[in-house]
Amino acid sequence: MEISSEGCSPRNRSDHLMRKEGSEDETPFQQKQSLELELSDRVHGHGHHDHYSDNIIQSMNALDILRETVRILRFNSWSFMAITFLLICPVAAVVLSNILVDESIVKSLSIRLMLVAKASGLPLRSLIKQSCQRFAEMMISSVTSFPLYVSLLLLSKAAVVYSVDCTYSRKKFDASKFCLIISKFWRKIVSTYMWVCTIIVGCITMFCVFLIAFCSALSVLGFSPDVAVYAAVMVGLVFSIIFANAIIICNIAIVISVLEDVSGAQAMLRSSILIKGQTHVGLLIFLGSTIGMAFVEGLFEHRVKTLSYGDGSSRMWEGPLLVIMYSFVVLVDSMMSAVFYFSCRSFSMETSDGEGNSILETMAISAEAIGIQ
């Protein structure tokens, strides 16, 4: 399914820097009008396509995508705030508090992991123990929170993609239309998410098997435990890069399953082809989002879950605040994935004229027409 070039912001960004200089002296109402005109120019430009515009697209980086995300957030702020509070915040509260995690199961699993690590030749140092504890907690939390991931969180991702698409189509978020569209295409979105989960579990399983086999081989060959630890760290760094690329492909595949008429393995293949030449941008986006989420998780761990100061009265306001902060990071990450999709899409498509309709609405209309026939 072809997407009109008028719906992709990176294709029409040449006037932004000239407009930005004079925006500081404008009133808030004038700034809002300027922002709407700016997004309108991007969405409904004249389709001018030359060598200069190609260079602009090729030079886009993660910071440009972040700026574009902020502009979209300002343009359609109410819908994104509703998505954050209604769909993301409940999931964030459960994930941060680990309210569904049974500590006895985590302790039992972490002990088993430490025994496996010791059997493979790794010394049980504090780093190994903390890694096993964290990995066990992550596994149990992911399993217990999976119903929330496949319902509220996945629905929030689809809603964010729909809102970004509506913004590029110069439309406001319509909850009734969104519900109608999601009811038609929810199955293929869930199918893609199942593939995402399979790929993530497969990557983690392969890493664990390879790490155990590699450390066991070093132990059999007579290398010291210190060498095994350093080797495990290097293997972990290599895996982090591979895992980050897999996450980027999975995130774009979710966007593709919402915006295009593909799902599952086809969405994964389409995503891997689409991000060619732009992988470094996706890695920076993933790194920024991961650091942001880890920072908020650390604050929640030490300021809310662990009582290390005072009488704990500040938990009443620090807990909800950190949940909102975490939800906002998740929202921005989903928005940047959608903008990154449009950036990669505009890089590989030809200039065409369109009517400015949302891609999702066009798909819904086509589905209704097929149903009537």
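Colleague: How should I read relative accessibility for Phe178: does this residue count as buried or exposed?

Modeller: Relative accessible area, taken with a 1.4 Å probe and with protein chains only, is called buried under 20%, exposed over 50% and partly exposed in between. Phe178 has 7% relative accessibility and therefore counts as buried, whereas Phe173, at 25%, counts as partly exposed. Please bear in mind that this is a predicted model, in which local features need pLDDT of at least 70 and side-chain atom pairs count only at pLDDT 80 or more, while totals for chains, interfaces and linings use all residues. Residues are numbered from 1 along each chain as its sequence is written, and side-chain values use heavy atoms, with hydrogens and water left out.

Colleague: How many aromatic pairs does the count come to, and how is such a pair described?

Modeller: A pair of aromatic rings is described by the distance of the centres and the angle of the planes. Rings of Phe, Tyr and Trp (its six-membered ring) pair if their centres lie within 6.5 Å, and planes under 30 degrees apart are stacked, over 60 edge-to-face, and the rest tilted. By this rule there are nine aromatic pairs. One of them, Tyr162 with Phe178, is tilted, with 5.3 Å from centre to centre and 45° between the planes. Because Tyr162 lies in helix H8 and Phe178 in helix H9, this pair ties together parts that are 16 residues apart in sequence. Tyr162 and Phe178 are both buried. Phe173 and Phe178 have ring centres 5.6 Å apart and planes at 45°, so this pair is tilted as well.

Colleague: What is the phi of Asn98, and what is the phi of Arg170?

Modeller: Most residues other than glycine have a negative phi. Asn98, however, has a positive phi near 55°, and it lies in the loop between helix H5 (77–97) and helix H6 (103–119). Arg170 also has a positive phi, near 60°, and is found in the loop between helix H8 (146–168) and helix H9 (175–220). Asn98 is buried, with a relative accessible area of 11%, whereas Arg170, at 49% relative accessibility, counts as partly exposed.

Definitions and conventions. Helices (H or I, at least four residues) and strands (E, at least two) are DSSP runs, numbered from the N terminus.
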